[in-house]
Amino acid sequence: MRIGELSRRTGVPARLLRYYEEQHLLHPERTGNGYRSYPDSAVAQVQQIRGLLDSGLTTEMIRAVLPYLCGPGRLVPAPESVPPETAALLQGHIDRIQARIDCLARNRDRLTAYLAAVRPEGADGPNSPGR
């Protein structure tokens, strides 16, 4: 498929798909007239790249781990063949994600406590039992 179709099927602008190629995350073939040609599997690969970016991984980190990911719950090659540097990179990112989760949970708890203190008894809100 050409870049426009991949863009339509994934919702990712063609400009970003070209950027992913520049970052060596996507590897389209070139047709005789120079157009990029993507296999059907590129749809899942772009979705995986988007998910990794959304989780906060940089394109550099994604480039390091992408060869080991082949879909949800599957790793190729075997996990023991992942280089220690890549494992350390991932552990650092996992630690940063956990720190963000902890911070968000603290902020949620503080806001919930504040709202409980300022909300009149029995006030309806979007999370009230009656809604």
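**View 1. D109 and its partner R108.** D109 is partly exposed, with a relative accessible area of 42%; "partly exposed" lies between buried (under 20% relative accessible area) and exposed (over 50%), using a 1.4 Å probe and protein chains only. D109 forms a salt bridge with R108, and their closest N and O atoms are 3.0 Å apart. A salt bridge here is a side-chain nitrogen of Lys or Arg within 4 Å of a carboxyl oxygen of Asp or Glu. Counted by this rule, there are six salt bridges. Please keep in mind that this is a predicted model: local features need pLDDT of at least 70, side-chain atom pairs count only at pLDDT 80 or more, and totals for chains, interfaces and linings use all residues. Residues are numbered from 1 along each chain as its sequence is written, and side-chain values use heavy atoms, with hydrogens and water left out.

**View 2. A salt-bridge network of E5, R9 and D40.** These three residues, E5, R9 and D40, are linked by salt bridges. Look for D40 and R9, whose side chains meet with 3.5 Å from N to O. This pair links distant parts of the chain, 31 residues apart: R9 sits in helix 1 (residues 3–10), and D40 in the loop between strand 2 (36–37) and helix 3 (42–54). Helices (H or I, at least four residues) and strands (E, at least two) are DSSP runs, numbered from the N terminus. D40 is exposed at 56% relative accessible area, while R9 is partly exposed at 40%.

**View 3. The two sides of helix 2.** In helix 2 (residues 14–22), you can find L17, Y20 and E21 buried. They lie on the same side of the helix because they cover an arc of only 100° around the axis, taken from the directions from the helix axis to the C-beta atoms. An α-helix has 3.6 residues a turn, so residues three or four places apart point the same way. The buried residues of helix 2 pack against helix 1, strand 1 (29–30), strand 2 and helix 3, where contact means heavy atoms within 4.5 Å. On the face turned away from the buried side, look for the exposed residues R15 and E22.

**View 4. E21 and R30.** E21 has a relative accessibility of 19%, so E21 counts as buried. Its salt-bridge partner is R30, with the closest N and O atoms 3.5 Å apart. R30 is partly exposed, at 45% relative accessibility.
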